[in-house]
Amino acid sequence: MYSGVQLAILGSGEAQYETQLHELAEWRPGLVSTVFGYNEGLAHRMIAGGDIFLMPSRFEPCGLSQMYGMAYGTPSVVRRTGGLADTVIDTNADSLLNGTATGFVFEHETASDFLQAVQRALASFQSNDIWHTIQQNGMAQDFGWDKAAKDYLDVYRKALAATGH
């Protein structure tokens with residue numbers, strides 16, 4: 001809160017956390033805003049209009065929001081779980097060099113791991129070259145059904161070939 005960032009929160013969760021976040025928004029107006037509940041249109045506008053999308057899920061079987069973020073040029077900070085682990089490639093020296101970096105991934109369900117990932121994202125945001133590379137890598141991702149269907153066909157063909165068919 002003291003680094004000058006603004007935080008916009010949309011969603012729902014346990015009542016105690018919603019209360020704490022609402023109190024934080026009242027204490028830091030202009031820096032923190034909360035909207036509790038489900039609003040898909042607002043979610044898309046927030047992801048598209050933000051610089052960084054935070055999605056520290058405990059579990060996420062698929063996850064579409066991080067893919068929307070990539071399409072909109074808004075890199076995500078995510079915990080390595082489920083669909084988030086499948087779609088967001090952590091930014092590091094290697095992934096920047098090979099053109100695969102699309103966001104920031106942390107391992108453990110701890111505030112310190114999450115904060116470190118956010119700090120890495122904020123540090124990368126300070127470098128236009130690095131940030132634009134991450135954005136472009138994300139926007140180049142193809143999560144469409146045409147690609148998925150091709151991938152499934154490739155697996156099917158390999159399975160057939162392995163059985164001699």
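Tutor: What follows goes through the salt bridges one group at a time. The model is predicted, and a search of the whole structure finds 7 salt bridges.

One of them joins the side chains of E107 and R80, with an N to O distance of 2.5 Å. This pair links distant parts of the chain, 27 residues apart. E107 belongs to the loop between β5 (103-106) and α6 (111-125), while R80 belongs to the loop between β4 (76-79) and α4 (82-87). E107 has a relative accessible area of 38% and is therefore partly exposed.

Helix α8 (residues 145-162) holds both D151 and K147. Their side chains meet in a salt bridge at 2.9 Å, N to O. The two residues are 4 apart in the chain, about one turn of the helix. D151 is partly exposed at 33% relative accessibility, and K147 is partly exposed with a relative accessible area of 35%.

R157 and D154 also form a salt bridge, and their closest N and O atoms are 4.0 Å apart. The cut-off for such a contact is within 4 Å. Both residues lie in helix α8, and because they are 3 residues apart, about one helical turn separates them. D154 counts as partly exposed, its relative accessibility being 26%.

Salt bridges also form a network here, which links R58, R79 and E109.

How values were computed
Residues are numbered from 1 along each chain as its sequence is written. This is a predicted model: local features need pLDDT of at least 70, side-chain atom pairs count only at pLDDT 80 or more; totals for chains, interfaces and linings use all residues. Side-chain values use heavy atoms; hydrogens and water are left out. Buried means under 20% relative accessible area, exposed over 50%, partly exposed in between (1.4 Å probe, protein chains only).
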